[in-house]
Amino acid sequence: MTAAESPHDAEASLADEPEVRQELADGDRASVAGVVSGHPSSPLAWTELADIADSEGRQLDAFAYAAVAADLAREQLAESGWQPGDPVAWSDERNRAYLRALDTQRRAAEQLGLDARATRLADELATADAEAPAR
């Protein structure tokens, strides 16, 4: 880092989780809860669980799982220098768990009638990566 750069000039990223990715790839939908149990601090594992709940129409579960995923992701991002409002690039595949969690939580919040929360989540998602909602 040069003297002209601040810690916020470098993009923050989530930790790489090769073991979690491999377990998710090797398993099926029914095995995702076991991956979460084995890696309870993994934003990626919780995001996968949230996406399954969302696809099955279980909005309450999707909201809760996505909230955990987003909180864990924020903690990891903060450890790498990120602060709320800083960008989180979709182009860095590791960050997609956070962006997906925000979007899943936003959709669930809308369906649950949590309109103010859904708006805040949409704003957070757009601030993190303005292109992410379109993906």
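What share of the contacts in the protein chain between residues at least 6 apart in sequence join residues at least 24 apart? The share is 59%. This holds for a predicted model.

**Figure 1. The protein chain is built with 6 helices and 0 strands.** Read along the sequence, the pattern is α-α-α-α-α-α. The chain has 135 residues, and 41% of them count as buried. Its accessible surface comes to about 7,300 Å². Carbon and sulfur atoms account for 50% of that surface.

**Figure 2. Trp46 and Tyr65 form one of the 2 aromatic pairs in the structure.** The ring centres of Trp46 and Tyr65 lie 6.0 Å apart. Their planes meet at 50 degrees, so the pair is tilted. Trp46 sits in helix 3 (residues 43-55). Tyr65 sits in helix 4 (residues 59-79). Trp46 counts as buried, because its relative accessibility is 17% and the cut-off is under 20%. Tyr65 is partly exposed, at 23%.

**Figure 3. Trp82 and Tyr98 form an edge-to-face pair.** Here the ring centres are 6.0 Å apart. The planes stand at 70 degrees, and edge-to-face requires over 60. Trp82 lies in the loop between helix 4 and helix 5 (96-112). Tyr98 belongs to helix 5, so the pair ties together parts that are 16 residues apart in sequence.

Technical notes:
Residues are numbered from 1 along each chain as its sequence is written. This is a predicted model: local features need pLDDT of at least 70, side-chain atom pairs count only at pLDDT 80 or more; totals for chains, interfaces and linings use all residues. Side-chain values use heavy atoms; hydrogens and water are left out. Helices (H or I, at least four residues) and strands (E, at least two) are DSSP runs, numbered from the N terminus. Buried means under 20% relative accessible area, exposed over 50%, partly exposed in between (1.4 Å probe, protein chains only). Contact means heavy atoms within 4.5 Å. Accessible areas come from the Shrake-Rupley method with a 1.4 Å probe; for residues, only the protein chains shown count as cover. Rings of Phe, Tyr and Trp (its six-membered ring) pair if their centres lie within 6.5 Å; planes under 30 degrees apart count as stacked, over 60 as edge-to-face and the rest as tilted.
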